[in-house]
Amino acid sequence: MRYTAVLAWAVLLLSALSAVAAPVEDPFGVERALTPSNFSLTQSGAWLVEFYSPRCFHCRNFAPKWHQVVQNVDDLSQDPEAPFTLARVNCYEWMDLCSQQEVPFFPDGKLYVDGQLVNKDVLGDKEGSPGQNAEKLIDFVKTEAQAYKARKLGVPITTTAVEPTRTTTTATTTKPGAIGASTTTLEEATPSSAPLAHVQRLTEFGEAPIETVDQLTAFLGADRGQGPSFVKFYSPSCPHCRAMAQAYEEAAAAMLGQVNPLAINCQKYMDVCTQFAVDAWPTLQLFRNGTKSTYDIHAKRTKGLFLSWLAEQGVYTLFPRVDASQLDATLQKDPSAVLYVMPASDVERRMVEQASFQLSSSTPFYVSTDATVARRYGLAGSALLVFAGNARVPMAQLPLTSVRGFHEDTASAAMAQWLSVQSQPVLTEVSGSALQDTMQEAPAIVLGVFSSSSQADILDALIQSLHDLSMSWRTSSDLSHRPFRFLWLDVDRFPSLLADKYHIRLDHTPALFAMARSTSMMYMYPEDHSGSWLETKNGIQWLDDISQGRAHGKPFGTVLSRTMTNVRTSSPSVVRTHPSLTLLVFVGVLLLFPRVRRSVWRKSGASQGYRKIV
């Protein structure tokens, strides 16, 4: 009986959570439902299947639109020659089925034709998909139904939405995941003598241009122009595969043009993985001109190690070489690029390579040992030059004398931070929500607060002054500079934002202050008596004092907001992503201590009958 109060509290808490999570009503009606026992119906005919959860807010909002689509096209399911049926799967009830069909979110729509998954993201927002618009979905269903019927009857497809299909001879080829064979046109199949080309993105097997086993075998075989391919064999249920997914995607973006990044889902295409003798996940293999090399399954899996290994195999150049005659054409080809000029040593080159691996962007790096290039930019030694907007003049330069004497890892991290700052916008106007989002992402910001009611030329001058300060700060070769994000806010559009959100009250505009997220400290820019509101050299000195800890600031926000900020910045990711769960666990841990339990029981009055009389 001692635990009656605690047990009652737990029951009440769970009941409250259940009440919040449970749907108020079932908005999904009585349309046909698919379950593991009847999902095989999709083997015959065309099926557009919605995967949903009754507890999903977005699913509930989409439900009326789905009803509208069903009411408009449901007669297509009665076509005796080419039935096109709409159905749905309740993923809350049949989670295993949804996992097998690789449903990443709710609601999700997939199109099956005679058992083959031909469109895995009908409800997504990618180009060419109808998304969750009812009218577009109705048009999509009617177009697909017409095309399906034409294929069934063997007649050309004629619609106003697409060009008339040319009549072609058909051949039999094996589709991924199919039992036996299905019919496809010779235009889809890859003739053995036809040249191949590099893929343009990280390509999953089953997507164009590698949709069949025959196409995959040809692509990984003898070189016919496609070049080498780095293939990831994985399973969505494999934790190691999920852990390396981002690193592989970043490496894939960097290797495009030199190596083809491919991925094969072994949970979905087990027969294909068996054919390539894959017996563990993840397996990474390099195919070039019919030969195969395997990345060490016990090695670490990072973007840098992937690219370094490909370089060791002789299929990837980390930094392609350019000379003075090639430079202009190279800069015109890439919207942004980094040029490493006159490498001084192998150690320095290794530090620059490590810095490039730490960047999440796919900005290409080039190297030049041409003295003409160095003279063109007035360089006396090795340096990194950053180009943007296809310009021939570098936006920023970093002489690598700046990292002389640094430890190798420290130098790489400092260069990576400097390069990352160069990829950010110079100055951004923010709204209320954007300011809050930026405060969560950026370690520190510099915010100019202006009034749009000022004369246009005055406002333009203020914005230009802050822009000049941002350019001078970010392009400096002083690597001790804090990576500030520069923003400006129109106080006339959001008059109470700073006071309501951050408890910052301004007496006048223009105003300028810096805010550090990790410390919740704010630093006001002192009034400039030089004749203008902001002189760049004075602003640089002010920011340098903040970076070096010489400036005096004051906390911003409430005590609670500062506490939560400290928790978010210093706690593990699980605390940041699941604060409610963390709070429940914290309370549960506290109740493990007898003194805490006794205190709770005394406060609740539940232990009145059990107190000892002394």
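Predicted model: local features only at pLDDT ≥ 70, side-chain atom pairs only at ≥ 80, totals over all residues.
Strands β8 (residues 229–234) and β9 (residues 260–265) run parallel to each other and share six bridges. Phe233 stands opposite Ile264 of β9.

## Aromatic pairs

The structure holds 17 aromatic pairs. One of them joins Tyr295 and Trp309, edge-to-face, at 5.5 Å centre to centre with 85° between the planes. Tyr295 sits in the loop between β11 and α8, and Trp309 in helix α8, so the pair ties together parts 14 residues apart in sequence. Both residues are buried. Ring pairs also link Tyr295 and Trp309 into a cluster with Phe230, Tyr248 and Phe306.

Tyr377 and Phe387 have ring centres 5.9 Å apart and planes at 65°, so this pair is edge-to-face. Tyr377 lies in the loop between α11 (371–376) and β14, while Phe387 belongs to strand β14. Both are buried.

## Charges over rings

Lys232 places its charged end over the ring of Tyr234, 4.6 Å from the centre. Arg88 lies over the face of Tyr52, 4.9 Å from the ring centre.

## Helix α10

Helix α10 (residues 346–357) has twelve residues. From first C-alpha to last it reaches 17 Å, close to the expected 16 Å. Its buried residues include Glu348, Met351, Val352 and Phe357. Among the elements covering the buried residues are α8 (303–312), β12 (336–341) and α12 (408–422).

Key:
Residues numbered from 1 in each chain as written. Heavy atoms only, no water. Helix = DSSP H or I, 4+ residues; strand = E, 2+ residues; numbered from the N terminus. Expected span 1.5 Å × (residues − 1). Buried < 20%, exposed > 50% of the residue type's maximum accessible area, 1.4 Å probe, protein only. Contact = heavy atoms within 4.5 Å. Pairing = 2+ DSSP bridges. Phe/Tyr/Trp six-rings, centres within 6.5 Å; stacked < 30°, edge-to-face > 60°. Lys NZ or Arg CZ within 6 Å of the ring centre and 35° of its normal.
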